[in-house]
Amino acid sequence: MSYNNLIYTIEDRVNTISINRPDKLNALNIETFSEIDHAIKSSVSNPEVRLIIITGVGDKAFVAGADIKEFVNFTMEQGFELSESGHKILTETIENCPKPIIAAINGYALGGGLEIAMACHLRVASENSKMGLPEVSLGVIPGYGGTQRLAQLIGKGRALDMIMTGKMIDAEKALDYGLINYKTSPEQLMIFTKELTEKILSNSSNAIKHAIKSVNANYQDGLNGFEIEMNEFGKCFETKEFVEGTSAFLNKRKPDFN
Ligand code: COA
């Protein structure tokens, strides 16, 4: 399938989804987030894909937020529906994806852009990145999970500081806060992200799927993360990848999960 707002590529088991509206700093209109949802779902069902990278086209922005022009005249009901669809077809799809998703942040990650990045399982940012949730400067609040995931990642005090001031932080500060996992130079961003990808792909993708589900369970209402972990742990046994991983260890060789 071809997309109007994304570049979708698959290479060496890695699907890269590049958000492609550089003249609008990759601002997220509704069509774009439906396309991201579609792209992720097709990668989930594609056995050739084991890992997904989300990034932005150009050297200025990952995503500079939801497309402000699109919601400027919305009513309260439309505002609620926008937030609901942002949760259901964007950030929840990313967070609950059974294949690892890495955000390669290559510039501004603001509002919905930072919310996408926070829903990803890992975040790598280039030194020129700026991250923030500036929504209160527009008279609105973060609506794609930002009020929840920012506090989960960096703590309530820092999250409220960033949300109430609307300030942007750089990659150095984001690393210090634990908002990102790694910081690189702009030139190294995709090279480093690919290396990270290879490290993850050398492990059992089946086990990683169960680990993602278990970690996420702690943040989902009505679920007991410890119980989920027991179930997911049990499901790893008797699998081909478990047999390969354990027999490789016992035979003093590297496992081959391909
Ligand atoms: N929604 C819609 N369009 C956006 C956008 C957004 N979130 N962010 C940037 N753009 C558009 C601009 O309107 C401009 O389009 P134009 O050339 O047709 O006027 C283009 O992208 C370039 O942006 P510009 O503001 O000229 O770039 P800049 O380098 O001067 O500033 C930012 C960069 C990121 C500081 C600034 O664009 C900005 O503050 N964007 C909004 C961020 C935001 O509030 N996000 C949360 C939304 S809920």
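User: Why is Arg 13 called partly exposed rather than buried or exposed?

Analyst: In this predicted model, Arg 13 has a relative accessible area of 31%. Buried would require under 20% and exposed over 50%, so a value of 31% places Arg 13 in the partly exposed class.

User: What makes the backbone of Arg 13 worth a remark, and where is Arg 13 found?

Analyst: Phi of Arg 13 is near 70°, which is a positive value in a residue that is not glycine. Most residues other than glycine have a negative phi. Arg 13 is found in the loop between E1 and E2, and in the hairpin of these two strands, which has two residues between them, Asp 12 also takes a positive phi, near 50°.

User: How do you know that Lys 252 counts as exposed?

Analyst: The relative accessibility of Lys 252 is 80%, and since the exposed class begins over 50%, Lys 252 belongs to that class. Lys 252 lies in the segment after helix H11, which spans 240–250, and has a positive phi of about 55° although it is not a glycine.

User: Why is strand E2 described as largely enclosed by the rest of the structure?

Analyst: Six of the six residues of E2, residues 14–19, are buried, so the strand is largely enclosed by the rest of the structure. Both faces are covered, with Val 14, Thr 16 and Ser 18 buried on one side, and Asn 15, Ile 17 and Ile 19 buried on the other.

User: How do you know that E2 pairs with E1 and with E3?

Analyst: Two strands pair if at least two bridges are found between them. Strand E1, residues 6–11, pairs with E2 in the antiparallel sense over six bridges, and one of the residue pairs is Tyr 8 with its bridge partner Ile 17 in E2. Six bridges also join E2 to strand E3, residues 51–56, with these two strands running parallel; here the bridge partner of Ile 19 is Gly 56 in E3. Between E2 and E3 the chain crosses through helix H1, residues 30–44, in a β-α-β crossover that is right-handed.

User: What makes E4 and E9 the edges of their sheet?

Analyst: The open sheet is formed by four strands in the order E4-E6-E8-E9, with mixed pairing. Strand E4 (61–63) and strand E9 (169–170) each have a single partner strand, so one side of each is left without a neighbour in the sheet. For E9, strand E8 (residues 130–132) pairs with it in the antiparallel sense over two bridges, a number that meets the requirement of at least two, and the bridge partner of Met 131 is Ile 169.

User: Which residues come nearest to the ligand, and what classes make up its shell?

Analyst: Of the 15 residues around the ligand, Lys 24, Lys 60, Ala 64, Ala 66 and Ile 68 come nearest. By class, the shell has nine nonpolar, one polar and five charged residues.

How values were computed: Residues numbered from 1 in each chain as written. Predicted model: local features only at pLDDT ≥ 70, side-chain atom pairs only at ≥ 80, totals over all residues. Heavy atoms only, no water. Buried < 20%, exposed > 50% of the residue type's maximum accessible area, 1.4 Å probe, protein only. Right-handed = clockwise from strand over helix to strand, strands pointing away. Near = heavy atom within 4 Å. Nonpolar A, V, L, I, M, F, W, Y, C, P; charged D, E, K, R; others polar.
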